[in-house]
Amino acid sequence: MDEKKSPEEPLLWTLSEAARQLAVCQRTVSRLIDQGAFPVVSIGCRKYVSKQAVLDWVEAQTRYNSRCGGSAV
C-alpha cells in the first residue's frame with residue numbers, strides 16, 4: 001500500500017519566512033538571493049526560497065566559520 005504523507009512544514013518559504021527563520025531582515029535575504037546564496041522559485045508574481053537551500057547554506061556557513069575560528073588576529 002502506497003501511503004502519501006504530506007509534509008508537516010512547507011518546502012518553500014516566502015522571503016519574509018526565510019528572514020524570520022534566519023533572524024535577519026527581508027532585505028538581507030534579498031541580498032543573499034542576489035549574491036546567489038539561494039535559488040529563487042517564482043510562482044506567479046511571488047518569490048520563494050527552498051527551505052532545504054536555506055538549511056544547506058546555514059550548514060555550509062557553520063562549517064566554513066568553524067574552520068576559520070582559530071585564525072582570527
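In this predicted model, Ser42 stands opposite Lys47 of strand S3. The two strands concerned, S2 and S3 (residues 46-50), pair in the antiparallel sense over four bridges. They belong to an open sheet of three strands, arranged in the order S1-S3-S2 with antiparallel pairing. S1 and strand S2 (40-43) form the edges of this sheet, each pairing on one side only. On average, and with direction ignored, neighbouring strands are turned by 45 degrees against each other. Helix H1 (residues 15-22) packs on the sheet and touches S1 and S3; the direction of H1 makes about 95 degrees with that of S1.

Glu9 counts as partly exposed, because its relative accessibility is 46%, a value between the limits of 20% and 50%.

The salt bridge between Arg63 and Glu59 likewise has its closest N and O atoms 2.8 Å apart. Here both partners lie in helix H3, and because they are four residues apart, about one helical turn separates Arg63 from Glu59. Arg63 is partly exposed, with a relative accessible area of 44%, and Glu59, at 45% relative accessibility, also counts as partly exposed.

Methods:
Residues numbered from 1 in each chain as written. Predicted model: local features only at pLDDT ≥ 70, side-chain atom pairs only at ≥ 80, totals over all residues. Heavy atoms only, no water. Buried < 20%, exposed > 50% of the residue type's maximum accessible area, 1.4 Å probe, protein only. Salt bridge = Lys/Arg side-chain N within 4 Å of Asp/Glu carboxyl O. Pairing = 2+ DSSP bridges. Axes fitted to C-alpha atoms, helices over the stretch in contact; angles between N-to-C directions. Contact = heavy atoms within 4.5 Å.
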